[in-house]
Amino acid sequence: MDNRIGFSDSTEISNGSSTCCIETLSTPMPSNPEISALQQLSRSLESIFHSPDFDFFADAKIIISSANREVPVHRCILSARSSFFKAVFSGSAAKEKGAEFELKELAKDYDVGFDSLVAVLAYLYSGKVKPLPKDVCVCVDEDCSHVACRPAVDFMVEVLYASFTFQVPELVALYQRHLLDILDKVAIDDILVVLSVANMCGKSCERLISRCIEIIVKSDVDIVTLDKALPQHIVKKITDSRLEFGLETPESAGYPDKHVKRIHRALDSDDVELVRMLLKEAHTNLDDAHALHYAVAYCDAKTTTELLDLGIADVNHRNLRGYTVLHVAAMRKEPKIIVSLLTKGARPADLTSDGRKALQISKRLTRASDYHRYTEEGKASPKERLCIEILEQAERRDPLVGEASLSLAMAGDDLRMKLLYLENRVGLAKLLFPMEAKVAMDIAQVDGTSEFPLTNIKVKNLAGDQRTTVDLNEAPFRIQEEHLNRMKALSRTVELGKRFFPRCSEVLNRIMDAEDLSQLAYLGNDTPDERLQKKKRYMELQEVLGKAFTEDKQEFDRSTISSSTSSRTVGAVRSNGKLLNRGGGKA
């Protein structure tokens, strides 16, 4: 299927005295020498922007911190093409060679991505607008035409906003027209995004604002959703229009009743205990207040989990728009919430009123290039990809209940060995699959348990240094309540991993079975030499995995998985593989 996306066949669009040319696949050279000269100038400036030596000639940089990328630019060219950049570059600090400018500071009110910035800058250099970039504007759903899916809409509204901010009116006019052309194909929730951005652009996007409002007025979008997505003056316009056309009555057009509003405010404050108290007044219940839908859409994942744990909400309840809670979670793109709902019995096969499952919703929201980047670069899975994998797995038959791997089965009824195995397995998961492990551990509430002390005895290594290692045979092992709680939480983590992340679970099985870390720690009736070798071997593995995990956790906690993190993770895995091979195991 041909997924190429482009603008209309017209080759230029006028806006006052400015003319914007749209590049086509084959444009014949005009006979007019003035036009030929302009095209040559355009190609020359374009070649500067795309030249591999571009960075060398540039005298400033625009930094996109969210993408860990930067774009070198020429201040003289941008200043000549945009009064916005002329003002930015006129400051004394900006005149220094190599000056850096944060994109977040330049475009303050909306997040503009790397590809959208490049599209605007390329136009400022060359005066040409190329077709929408395929790799940026294609979602994961292979059945989608990719004309109006969320990645395409996101790209267009980002370019629209950046063009408005950088004062490039002809580009604003072009992208406004293209959005108007596809608006009838855009999902209603995505139209809220278009309207929000168009409103930021003010009078220059009046036609787009009017058309979006017209569509939303006739839609089933509820007042709570409108209030969360749009400024109040736009919401009032929509509600007034609905009343005028008789689409709503004064009683139904307002906000929910005061009891529902109090529950929503309590959820906004992450106060589930207050929600419980409000429910005792018996004016409403969680389902009638659509409280679970609200929490999934707008609240912290922890708040959603606590609300689920009350056990008094129907996890498959539909709101007034026909969305189940899982449909809303797919729109939120938070894997922890999706797994929490599925473990409570949410049905992945339920359809929206227009025939979409949660999986299709998630796929239509995810850019294909981001989804596939994980397998290409070995980076930690982005949230969007995890959501799709979780929902895909939920639609399949759950894996057979049984031991996680051979190593755990070998531990038999020895609770001490099982606990050791689970500690090592989850620790390894945190190293190799940090995002997946965090989702499973948070839901299993591992952080609320006490870690089993694997290191409690001082021994001398071959160099004569005092080192800490494990010897569980020095004293009788007594399983205590805290150990049982820890074991339950770790077991739950492994179960969730098996159910929702089978790919990761299989990798862990192979590593754990190649060299059983739990058996390595268990010294039994070994000779002193054998015990010394096991202790050394265990320490080596623990040091390699522990060091790499510490480094990755620091990066993960900052929510930025950089390429250097990936290198450390890969390095740790390779080091672990060498240790396994040296010990005679199979990686």
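Which residues is Leu 341 in contact with, leaving aside its neighbours within four places in sequence? I started there, keeping in mind that this is a predicted model. I found Leu 341 in contact with Val 296, Leu 308, Val 315, Val 325, Leu 326, Ala 329 and Ala 346.

**Entry: the core.** Next I looked up the largest nonpolar core, which has 148 residues. Leu 341 is among the members that touch the most others, together with Phe 85, Leu 121, Phe 166 and Leu 307.

**Entry: helices 18 and 20.** I turned to helix 18 (residues 325-332) and helix 20 (residues 358-365), whose axes come within 8 Å and cross at roughly 15°. An angle under 35 degrees counts as roughly parallel, so helix 18 is roughly parallel to helix 20. I logged the crossing as right-handed. From helix 18, Leu 326, His 327, Ala 330 and Met 331 meet Ala 358, Ile 361, Ser 362 and Leu 365 of helix 20.

**Entry: positive phi.** Where does Lys 333 sit? I found it in the loop between helix 18 and helix 19 (335-343). Lys 333 is not a glycine, yet its phi is positive, about 60°. Its relative accessible area is 25%, which I filed as partly exposed.

I also checked Asn 68, another non-glycine, with a positive phi of about 55°. Asn 68 belongs to the loop between strand 3 (60-64) and strand 4 (69-73). Buried or exposed, I wondered about Asn 68? Asn 68 is exposed, at a relative accessible area of 59%.

Terms used:
Residues numbered from 1 in each chain as written. Predicted model: local features only at pLDDT ≥ 70, side-chain atom pairs only at ≥ 80, totals over all residues. Heavy atoms only, no water. Core = buried A, V, L, I, M, F, W, Y, C linked by side-chain atoms within 4.5 Å. Buried < 20%, exposed > 50% of the residue type's maximum accessible area, 1.4 Å probe, protein only. Contact = heavy atoms within 4.5 Å. Axes fitted to C-alpha atoms, helices over the stretch in contact; angles between N-to-C directions. Helix = DSSP H or I, 4+ residues; strand = E, 2+ residues; numbered from the N terminus. Parallel < 35°, antiparallel > 145°, perpendicular 65-115°, else oblique. Left-handed = near helix turned anticlockwise from the far one by under 90°.
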